[in-house]
Amino acid sequence: MRALIVGGGVAGLALAAELSRQGREPVVAEKASAYGEHGYSLALYPFGSAVLHGLGAYDDFVAASTEMRTYELADHGGEVIQSVDFGELLADYGPSYCTTHAALVEILRRACGDGVDLRMGTTVEGFEETGDEIEVAFSDGRSERFDILVGCDGIHSKTRDQLLGEQPGFETGWVGWTWWGEEGIFPPELVREYWLRGAFFGAYPVPGKSTFVAAVPTATAGPDDGLGEEEVLRRLRSALGEVADRVPEISKALSAAHDLWPWPLLDVRAGDLTRGRAVLCGDAGTAFLPTAGIGASSALRSAAALADELSRADARLVPLAIDHYVKRTEKIVRGNQTDSRHLARAMFVENRLATWSRDELLRHMPVTSMTKSILEAMRQPV
C-alpha cells in the first residue's frame, strides 16, 4: 500500500509514524520548508496523549510539557469565581499536559523514524483518482501514484477544497492574539481564563514560559487590518480595560508582549470526510476552535483510528478501511467540535446584559457542566 499524507502537522505526522510502525513507507508532503516555533501552546487530554504511548513517545512528551493541575475562571470584573482540580476531574482518565506546538511536532517527527519519506517544502498541485490509484502532481514537477491520499493539511486544507469545494464553518467574529511570556507571571501548573465583556484573556503554562492569549472582536483588532504590533497592543489594553489595571498579572503580561501571532477564531466542518480513495483527517476534516483545548487530542485520536483500520487492509481494501474509519470517528469528533462552539458562545460575549447573566449563571453552575459531553467522549472507544 502506497500512502500519501498531505500535511506534516500533528495529524499527518502521527499517522505517518503509525504507518511506519506497521512496516509501511508513507510519503508526507509538507508545504513548510522547515518547522518553526508557532506562537501558541496546546493541551493534550488523556485520550490524545494515549496515542503517544503507542508510538513510544509518551515519556518525551511529558518531559517537554507542564502538567495542568488547576483551572481557574474569572468573571468580567476579574474575580476568580471557579476553580477546578484537573486531578479530580480527570481521575478516571489520566493527567492532562500543556506543551508547545513545535515540541509536539518534533516529538512526532522523531517517532516517524527513517521509514517515512518526509518531503519538506512540497505541495500537492492536484490529484485525480484513476481506477484503483490516485495520481498526484507535486510542486517539484513529479507525478506519482498512490493507493490512498490523506488530507492532513489543516483548517485551510487545499485537499478538502479539491475534494468537496468550500465547506461551512463557524465564525465567532473574534480574533485571538497570542504571545510567549516569561514563567512566573502566573503560578506554574495553573491555567487561568478571564471571561470578560468584549474581551478574553488566558494564561497557559509550558516548561519555562507561558502562552498568553488576548481575544477581542475582529472589528477591534482584526489580523487583516494591517495594524502594527504597537497599535494591536494599544487596542488590546483598551479592550481589557479596568480589569488589566486591577489584575497586575494581566498588566505585566501585556507590558512584556512582543511578536504577537493572530489566531482568527473560527472552525470548519467538512460535509463528508472522503471521496473514493482520498480522505480527510484532523483539522482538514473537522477543525476546532481552541475553546475546549481538544483539537490536537482529536487529531491524534483520529490519526490512530485511521492507521488502525489501514493495518488490516491491503491496497485493494483501502476504500473499506476508509469507510470504517469514518464510522468510528465522525460522530464523536463532530460532537466534540459542537461542544467547542458552545463554549465559544459563552466565552466571547459583548453585550452587557448577556455578560452579567453569564457570570451570574457561572457563580452557581460549575463550568465543567459545559464540558461534560467531552469527558463522556473519553469513555467512548474510537
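# Salt bridges, strands and cysteines

Me: Which salt bridge does Arg 363 form, and how far apart are the atoms?
Reply: Arg 363 and Asp 75 meet through their side chains in a salt bridge, at 2.4 Å from N to O. The term means that a side-chain nitrogen of Lys or Arg lies within 4 Å of a carboxyl oxygen of Asp or Glu. Arg 363 belongs to the loop between helix 12 (352–362) and helix 13 (372–378), and Asp 75 to the loop between strand 5 and strand 6 (80–85), so the pair ties together parts 288 residues apart in sequence.

Me: What kind of model is this, and how are the residues numbered?
Reply: This is a predicted model, in which local features need pLDDT of at least 70 and side-chain atom pairs count only at pLDDT 80 or more, while totals for chains, interfaces and linings use all residues. Residues are numbered from 1 along each chain as its sequence is written, and side-chain values use heavy atoms, with hydrogens and water left out.

Me: And what counts as a helix or a strand?
Reply: Both are DSSP runs numbered from the N terminus: helices are H or I with at least four residues, and strands are E with at least two.

Me: What about Asp 267, which residue does it bridge to?
Reply: Asp 267 forms a salt bridge with Arg 341, and the closest N and O atoms are 2.9 Å apart. Asp 267 sits in strand 17 (residues 261–268) and Arg 341 in helix 11 (residues 318–347), so the pair ties together parts 74 residues apart in sequence. Both Asp 267 and Arg 341 are buried.

Me: Which residues are linked in a network of salt bridges?
Reply: Such a network links Arg 2, Asp 117, Arg 119, Asp 140, Arg 142 and Glu 144.

Me: New topic. Which residues of helix 9 are buried?
Reply: In helix 9 (residues 248–255), these are Ile 250, Ala 253 and Leu 254. Viewed down the helix axis, the buried residues fall within an arc of 95°, so they line one face of helix 9. The arc is taken from the directions from the helix axis to the C-beta atoms. Pro 248 and Ser 255 are exposed on the other side.

Me: What do those buried residues of helix 9 pack against?
Reply: They pack against strand 13 (169–182), strand 14, strand 15 (200–206), strand 16 (209–217) and helix 8 (229–246). Contact here means heavy atoms within 4.5 Å.

Me: How covered is strand 16, and which strands run antiparallel to it?
Reply: Strand 16 is mostly covered, with eight of its nine residues buried. Nine bridges join strand 13 to strand 16, and the two run antiparallel. Strand 15 is also antiparallel to strand 16, through seven bridges. Two strands pair if DSSP finds at least two bridges between them. Val 216 in strand 16 is the bridge partner of Val 175, and Thr 211 in strand 16 stands opposite Tyr 204.

Me: What lies between strand 15 and strand 16?
Reply: The two strands form a hairpin with two residues between them, and Gly 208 in the turn has a positive phi of about 85°.

Me: Where is Asp 259, and what is its phi?
Reply: Asp 259 is in the loop between helix 9 and strand 17. Its phi is near 55°, a positive value in a residue other than glycine. Asp 259 is exposed, with a relative accessible area of 59%.

Me: Last one: how many disulfides are there?
Reply: The structure holds zero disulfides, a disulfide being a pair of cysteine sulfur atoms within 2.5 Å. For Cys 112, the nearest cysteine sulfur is that of Cys 152, 11 Å away. For Cys 281, the nearest is also that of Cys 152, at 4.5 Å. Cys 112 is buried at 5% relative accessible area, and Cys 281 counts as buried at 1%.

Conventions
Buried means under 20% relative accessible area, exposed over 50%, partly exposed in between (1.4 Å probe, protein chains only).
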